[in-house]
Structures are given as structure tokens and as C-alpha cells.
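Morning, everyone. Please look at the sequence and the structure on the screen. I'll walk you through a few places in turn.

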Amino acid sequence: MCESSSGPTPNERQQELIESTEGLYLVDAGPGTGKTFAITRRYGTIVEQPAVEPEDILLATFTRGAATEMKERIVDQSTYALSDLVDAPIQTFHSYCHDLLNEHGYAAPTHLGLDERITGSTQIIDDELIEAERFREFLSGFRDEHPEYTDLYRVLSEPGELLDVITELASKGIFPTAEGWYRDGESHLDGDLEAFTAQFDAVNQPRNDGRKQSELREALSGFGRTKTYHPEAPSKSELRGGRGTKQLDSAVARTVFEEDRTGLKAFVHDVYVEYLQFALRRNYLTFSFLQLFAFVLLCEDQRVRQAAQFEYVMVDEFQDTSEIQFKLALLVCGTNNVCAVGDWKQSIYSFQYADVRNILNFEDRLDQFAADLNKDTERVAFDTDELTRIELEENYRSTESIIELSEQTLTTPATSGEDVSTTLDDVVELSANAAFDNTVLEGIQHEDEHEAVLTKIQAIVGNDEYAVEGEDGTPRPPECQDIAVFTRTRDYGRELLDVAAEYDFPMAYDGGIELFRTDPAKLLLAWLRILESDADRGWVVVLEEIGYTFDEIEHLLETESYPPAPVAFRDDLRELASVGAVTRRVLDRYGYTGDTGDVLLHTIQSVYDSTTVTRGELIQFIERGIETGATVDISANAGANAVTVQTIHAAKGLEYPIVILANMNDGRFPPRSRGSSIIQYQDPVGLRQRKCYSEAGAYPHVYDNWRHDVIRRCLPRGYDEERRLLYVAVTRAEQHVVFAAGDEPNTFLEELPVDVETLDVTVEPLDRTTSTAAELPFAITTPEGPIGHTPHSLMDETVFEETDERSEASAEVDSETRGLDFGSQVHEFAEAYALGDEVTPSNPHEQRIVEFLEGLSGELYVEEPVTLPIDVDGHRVTISGIVDLVQVTAEHVAIVDYKTDRTRHAQPEYRKQLSVYYHVLEEWFPEKDVTASLFYTSDGSLERIEPLTIVELGELVRNR
Ligand SMILES: Nc1ncnc2c1ncn2[C@@H]1O[C@H](COP(=O)(O)OP(=O)(O)OP(=O)(O)O)[C@@H](O)[C@H]1O
């Protein structure tokens, strides 16, 4: 253990929370109020008690990153070292459930009447794409075995919908057993007529003292207009009552609610239980099944429950809990020492089954869930009455102006005329602690919105009007890395990055990307199509990529006279045995060796056993991925000084000095709603079907379900979460907020108290020297490939360009490498060879690299990204780049950079580059002897470089 305690001094309320370790606590407090700070301190207080060990305290979070960050904060604030907390239950719900099942879960399925077992080698699938593929496979077998559900297959459009229903049910604690439903699951599926009737009545009240018809009746004025209902459905006037009627007959509530759902329930049950069995037999569990089995085990096995219970339970980000997570938290509490911390206003994960009611109606739910769990035997042993609420009202992140704006977002309509039920009274007012308030709140609008955003960023960087708070609390001009662009949907982020790339603008995307809509995936699909049938659809993409014009391509396709290089490549691909190998070759060919390529390869390999999957299956998989926009997490590092682009969802929990909230456009934020699923589960109406197949009319037909259309109008329509998204976005900002829109600004932007200016778009390819003169003395982004992307900016570029030309002129370029420069090819080869890939040298340069690498001992690291922070005239400057090769032996660290130059002309310039690497590695390996050398591939010589000092590097930066 080590002695340490650091960080800010807690305020009075935080202190109260930190010290009140016994009993039931709820903290529902705003952004930046130090919730995470206080809860980690509280953990410290608890764990420092003599009779308490880390294993007595569960601290539940929502992401692995958050769990790690918590541990680090605790280490800062307690006498515990990170090594003492390695196995401490500071973890996500999923990982807790995984641990529990590992230890006690073997027979958990028996409690649902299932014979399968959970073994120690059960694999956890946390990737939606892979899960969807497995489910698709399951369902195809299920259909063959269950012809009795043919009518339901006729209405279902997408298997994924069924998986969604199952996941939703699991998140609410509704599970099947071999014979029926677990505990009172079936009553949930049936719904709650009384609760529904109350909602029906609420929207069916005539308005304006009875003079105006009810909202429900008005909403049903289009009843059936674009629908085909079953012949038994009432006509519009039967349903609504005749002319002049003010409200629907109250008996309608019962009629729409009561619907024979026996077949639907049986179908969902059988799919659900057989999919559970399928997963267990295949030896995998999904995230939702982990929770399901942990819950069942904790409910059914008293011995396990008692063994698993903690003395203290804390949950951070409580607004993100689902119903089952709330219940799990209760089951693992051995005492009433429970503390839930969150912010209802930041609940934005309903699509992952977060239920904002868990925090909004905390007391009611606590009582209700504890009573449910205790129905047949005592499972929650503590008293749920004595709850203490602690308010935190000091905001340590944003200026007063931003706090004020953020509060308004929660009451702003999302569509014109929307009645927002939240009022400012529902929001606890926060006070700001910012050193100064120079906040700029503004809106910009232009038909070329992407360019407008870039123009605005240019205007912000280095501009004192947008000063941000420096480390010493005084204003300083902003840099690129101070700025984040948020978007409601992913596609905008992707478009913006494409436009930024055109201007060589330093931008980095952080979060999930639609993997199959990226260029590497499209090119892979093209080659697979070519391999499969020489398909034109494949050739068009490949030829376009090479640079042929549309007319040329047309001619080539007509005459089937494809150019020799891709034909040769196709023939090479044909030789490869597996689609995994094909994927790798295609990615290599186009130089997609970065994050996206890696993730694509990894995804394909994990979805399929890539040695047995056929090309046809892989083609379909990618096509489905393109269609559904399936996403995979990627964090592309664009270097130290870049603007971050991310979705609002991904930005949760983060903070930036300047936030640009882009794509504030109609139909985008909130997104225009897509068609809802055919089978749905929803409180309080239970399991419902939007369309039904019937042979009752003159012809067999898939009818719209009229009951569903009425029910839908009775349930609250939710733009509240869209407002909360707006709130989360704004509250990430410390200093300034800029909204951006294209042609059609959304209602939010129209309603918010922000002036919107039409801006002249003038994006310049970012002149790094100008921006450095302003405040960024030196900054480089880290582009995707290995050569030509090293920190050039310290070098005399004229020398460098000359070197480039020479190397190009002397390069042994063959037709296969068309479009790729020779240096890149050699570097890629070197990387692949050092990583042990099966590559053979195709020219003397590569041969020399092979000989060189063969002679090296120790550990080799390739393409190692490094960042060197230095101080220049009081400014923090970072220089980042990628080291080609680092060799680490017992006493020695050798940095090697490959150069394909014929001459030593540029050596003095390369020295600057290698010096940067040298200082980073020296810092990393203080006890070893570090050297930096250039390896000239033209003659195989290794030339040691005498590194410049940090002061000399600083001098170079200053003189830029
Ligand atoms: N008493 C304090 N004095 C000074 N700074 C503080 C204090 N409490 C918290 N902070 C700082 O405020 C920032 C926000 O704290 P924290 O991340 O814990 O807030 P939060 O309530 O969890 O925020 P959010 O809900 O937006 O994620 C942190 O940088 C933290 O160090």
C-alpha cells in the first residue's frame, strides 16, 4: 500500500456524502457536480475502516473505462495501491455477473428447467454484430423445426427484431422456463389493464373545459387512412364516436387492451427458451444472458446469494440502469448500505434498456422491486424506508452562461407545438465555479454545413474571443484539441471527417463507426464479388479506386478487358484457401493497415470461423452490415492536436472547453422515426403485435393491427430523451457552445435563446504554420500510414521534398503498386515481416530489411506511436509521430527508422525526427541505454544518430 491523497477539497455536501457510509443514500445531481469524485472518495472512507476489505464493497459502473478510471481515482485518494484493487469488485454489472457465474453458475440453467450448463470456458459475446449473426443462424433452424408459427414468420421482416424483443424482456427480468415463464413473467407479458386505462383516460379527457375534443380523439382523426385493418376492426366513426363527440367511449380502453395473444406469447416463449439453449449448447452467453442467469441464481440459491452479498453497494451513473440491474443491485446487498448516484437529466441510453424511472421514481421502485423479490421468500432483508437524499449543487465544469443554457434545453420543444411537461422547477439550479465567464453561445447556418463547421473551427483556433481556461486559471487562446464536434447520429460524423480529410484538417473520430460502410469494407466486398462471379458490381468499385473514369469503366466491363494488375491480383486471391486470407490480402493491397482494417479483419474472423465460411456467406454478411449500418467501436487517433468528433452518446461523461453541436437539422435531431418493430414489448401494455396475418377476409392478408394503432396514441410519445441528449451535449462544454445547422435548422435551434448567423464559408487547407504562430507553435497529426507521416514539421521541407522525389524516381515500382508510393510499400513490408506475417520480399530494399530483421534479438515493436510533450515559452507543445521499429533487449533500446533514400542528403533533417523519438523512448526506458539509427534500405547500412537535446528541439519549434 502507498500513502497518498490528492485532488480538490470536497465541498460541504460532498463531504456529507463521503462520510455517510452507513444507510441508504440517493444522489441525483447535475453534471460536473463531482458525483464521481465524491463516490470514489466515499469508497476510500469505507475501505479505510479497519474491518472492511475491498471485497466487501461493490462499486458498479457502466463501462470498463469508467471502472478503471474509478480505481485510479481511488488509488489517488486512499492508502490503497492499484495492485491492491486488481480483483476488487469495482466493475460493470456484466463483469460482476460473469464473475458470479464463473464461481457459482454451473447449474444456473436448471432453475429455468434447462439441462444445459454454464462452464468455465463459456465465451462471452459482447459484440452486437456477432450476436446478431448467431441469432440469425439459430432462427433459421428454429423455423425448420416450428412450422406451426408460419403465420408469424409471414409478418416478421427482420430476425433482429425478435432478438431485440428477447433482449428487452431479459433487461426487465422477464425470462422463460422450459415449460412457461419464470416467476410472474407472464403477467408482465399480458400487461396491466388498470395502468393502461389510467393512461387512456388521461389522453382522452376533453380539453378547454370540455369544449374541445380529447387529444386521443384528435390524434385518431387519421385512423386507418393508410392502413388495412382486419374486417372486424371498427370503422373510424365507430371508434371515435360521431361528429361533435368529444372523446372516445371509455369502454374502448378495454377493447383495445384485450386481445388474444396466446399464439404470440407461445411463439416468443419458444424462440426465447430455445435460443437460450442454443447459446448454452454453443457455449456462449450474451451480455443480457449473463445478467439473466446471475439474477436467477441469486434469486433461487440462498447459499449463493448469501455468499455473494456485499456489505456496501454503490452504483454510479444510476440513470443508466435497467430494471434487472436495479434488482440485481438489491439482491447483492447484504445490508442497507446502498448508495445510488446519478443524474436523471443524463439518462440517454433507453436503447440499451436504461430506464429513467429507476432514478426518477427511486423510492417507489425500490419498495416495489424489494416487495416483488420478497414475494415468496425473503431475499432483500433490509428496510427500504430510511432513504437520505443528498443534493450537490456546485458545478465545477462550466460557466454560469452554459449552466443556464443547459437548464433551458430540458424544457425546449423538439418539434413545433410540442407540449413539454418538464419545467424549470424540475431542474435543481446549479451554481458555477468557473474562474471567469467569457462564454460565447452562438449558432451558425449554411447549406454546406460541414464546410461551415470547419470554417468556424478555423475562426476559433487561436482567437482570444474564444479564450479558454488555462491550467493556471487565466484565459488562453484555444487550440484544436480544446474543441469537440458532437452529432446526434453517426452518419454526420463520418461525412464531416471525409470533408475534413479533403482539407487535411486535423480531426479524429472517437466511438462507433458503421464498419461496413467504410472504404475497406466496400473494397473487400467488391473483391469478394469479383472472386465469386467476376461481377460488374465488384469491378466497378475496383476500377474506380484505381482511377478509371466512368466511360472507361463502362468500356472495360463491356469488353471484359480488365487491366492486368487487378486481374493478376484476382488470380492470386483465387489461390487463397480462406476468406480470412482474402480479407487480409485485400486490406494489405490498399494499405488499410490502420484501425479500421484491423477491426474489419477481426470482426470477420470472430463472426465466422474464417476457414469454413463461404464467400457467398461473407458477401451476404457485409451486405447486411451495409444495410443495417451495424457499428463497431473504433478510436482513431489523429494525433495530439486534433478536433474530436463524436456522437453525443459517446461524449457522455467527458468534458471539453469548446463544444460545437452540429447537425441541428430537422429530421436529424430528433431523428425522423423509423418504422417500429412488428413484435414489441412495452409497459404497461405487454407483448403486442403491429401486424397480423389472417385468412379471414376474401384473401389471405397481412393486416395492420388496429388495436396497436390506438394503443400507440395512448402511450407517452418520447422526445424527453432527445432533450436529455441536448442537455448532455451542452453540459460537456466548459467555456463555449456553438450550434451548427444546414438548410433546415431543427426546432431545438429555433427555440433556444441563441442567435443564428449565416456564415461565409471559406475553409483553407489548415495552414499549420499560421495556427502555430497564433498559439500552436508546433503540432502534427498522426495520419494513417507509416511513411511521409513522421514529424516533418521540424524539418526543412525543401530538403525533404527533394528526398521524396529522389526516392520516387529511383523506386522499383511495378504495376501492382500503382497508386502507392514505394516508401510506403517498403515500410508496410517491414512491418508485416517484423510481425511475423507470411510476406516475401519483392525487391532488394525489402530483402535488405529481411536480412537486417533476421539479425535482431530481443522484443520488436513496430509502428509505435509516440508523443513528446515539451515546453516552449511556457506553452505546452506536443510532437507526435510513429517509430518504425523499436528493439528492446535486456540493457538496450534501439530505435530504427527505415529510409528508402538513395543519398544521405536529408540526414540532418532526419536527425530532428529521430531525436523526438529518442527522448520519448528514453523516458519510457529510463534504466536502459537508448540509441536511434537510420536504416538505409538502398544499401542496408545502419547509421547512428546523435540526438538533439530537448532544449535544441524547443529551439527548432520556436524558430518555425
Ligand atoms: N469540491 C471540488 N472542488 C473542485 N473541483 C471539484 C470538486 N468536486 C469535483 N471537482 C471537479 O469537477 C469535475 C467534475 O467532477 P465529476 O467528474 O466527479 O463530476 P460528475 O458529477 O460525475 O459529472 P458528470 O455527471 O457530468 O459526468 C472534475 O474535474 C472534478 O475533479
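**The binding-site loop**

T33 sits in the loop between β1 (24–28) and α2 (35–47). Helices here are DSSP runs of H or I with at least four residues, strands are runs of E with at least two, and both are numbered from the N terminus. Now the ground rules. This is a predicted model: local features need pLDDT of at least 70, side-chain atom pairs count only at pLDDT 80 or more, and totals for chains, interfaces and linings use all residues. Residues are numbered from 1 along each chain as its sequence is written, and side-chain values use heavy atoms, with hydrogens and water left out.

Why look at T33? The UniProt record, an unreviewed entry, places a "binding site" at A29, G30, P31, G32, T33, G34, K35 and T36. UniProt positions follow the numbering used here, feature names are shortened, and annotations may be inferred rather than shown by experiment.

Is T33 buried or exposed? T33 counts as buried, because its relative accessibility is 0%. Buried means under 20% relative accessible area, exposed over 50%, partly exposed in between, with a 1.4 Å probe and protein chains only. Leaving aside neighbours within four places in sequence, T33 contacts residues including Q14, E393, Y396 and L430. Contact means heavy atoms within 4.5 Å.

Next, K35. K35 is in helix α2. K35 is buried too, at 11%. Not counting residues up to four places away in sequence, K35 touches several residues, among them G30, D343 and L392.

**Salt bridges**

How many salt bridges does a search of the whole structure find? The search finds 45. A salt bridge is a side-chain nitrogen of Lys or Arg within 4 Å of a carboxyl oxygen of Asp or Glu.

Take E317 and K652. Their side chains meet in a salt bridge, 3.1 Å from N to O. E317 is in the loop between β6 (312–315) and α16 (323–331), and K652 is in the loop between α29 (648–651) and β18 (656–661), so the pair ties together parts that are 335 residues apart in sequence. E317 is partly exposed at 24%. K652 is buried at 13%.

Now D376 and R379. This salt bridge is 2.8 Å, N to O. D376 is exposed at 55%, while R379 is buried at 4%.

One more item: D355, R357, R365 and D683 are linked in a network of salt bridges.

**A covered helix**

Last stop, α35, residues 822–834. Of its 13 residues, 11 are buried. F822 and A832 are among them. Just after α35, G836 takes a positive phi of about 85°.
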